[in-house]
Amino acid sequence: MNELSMQDKMRIIQELVPGKQITLAHIIANPDPILYRKLGLDTKNDHSRSAIGVLTVSPAETAVICADIAMKSSGAAVEFVDRFTGTVIITGTVSEVETSVTAMTSYCRDKLRYTVCEITRT
């Protein structure tokens, strides 16, 4: 009796309700050079770019703020920012990337009152 007939239609409403959060904050130390190429990061054999940092933030526009913080907090280079998906990718030395990722997560947690995940490393 609970089955829908062919004439009945089920309506599903999907809605994105972004939280104020950083869901991914990861540092890749000493990645294989192929990873740079696969990500479209042309370092031209720049050995000072020995780490990659990846963040995912919500709402997505926060990526712009994070990119600004990343550039101002260390010598890390912002390689990619997507204000639609909330992705930020930075490169630099391991210490530059770590400093920038820490600065971005700290600012979002302490000033913007975001929920922030743990910084992970590989």
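## A first look at this predicted model

Leaving aside its neighbours within four places in sequence, V101 is in contact (heavy atoms within 4.5 Å) with A25, I27, G53, L55, I90 and I119. This is a predicted model, in which local features need pLDDT of at least 70, side-chain atom pairs count only at pLDDT 80 or more, and totals for chains, interfaces and linings use all residues. Residues are numbered from 1 along each chain as its sequence is written, and side-chain values use heavy atoms, with hydrogens and water left out.

**The chain as a whole**

- The chain has 3 helices and 6 strands, taken from DSSP runs (H or I of at least four residues for helices, E of at least two for strands) and numbered from the N terminus.
- Along the sequence, these elements follow the pattern β-α-β-α-β-β-α-β-β.
- Of the chain's 122 residues, 35% count as buried, meaning under 20% relative accessible area with a 1.4 Å probe and protein chains only.
- Among contacts with a separation of 6 or more, 64% are between residues 24 or more positions apart.

**The nonpolar cores**

- A nonpolar core is a set of buried Ala, Val, Leu, Ile, Met, Phe, Trp, Tyr and Cys residues joined through side-chain atoms within 4.5 Å.
- The largest one has 19 residues, of which L55, V88, I90, V101 and M104 touch the most other members.
- Two or more residues of this core come from each of β1 (21-29), β2, α2, β4 and α3.
- Apart from it lies another core, of 6 residues, including I28, L41, V54 and I89.

**Helix α2**

**T91 in strand β4**

- T91 belongs to strand β4 and is buried, with a relative accessible area of 0%.
- Its side chain makes a polar contact with the side chain of E79 at 2.6 Å; such a contact is a pair of N or O atoms within 3.5 Å, where within protein one must be able to donate a hydrogen and the other to accept it, and residues adjacent in sequence count only if both atoms are side-chain atoms.

How values were computed
Buried means under 20% relative accessible area, exposed over 50%, partly exposed in between (1.4 Å probe, protein chains only).
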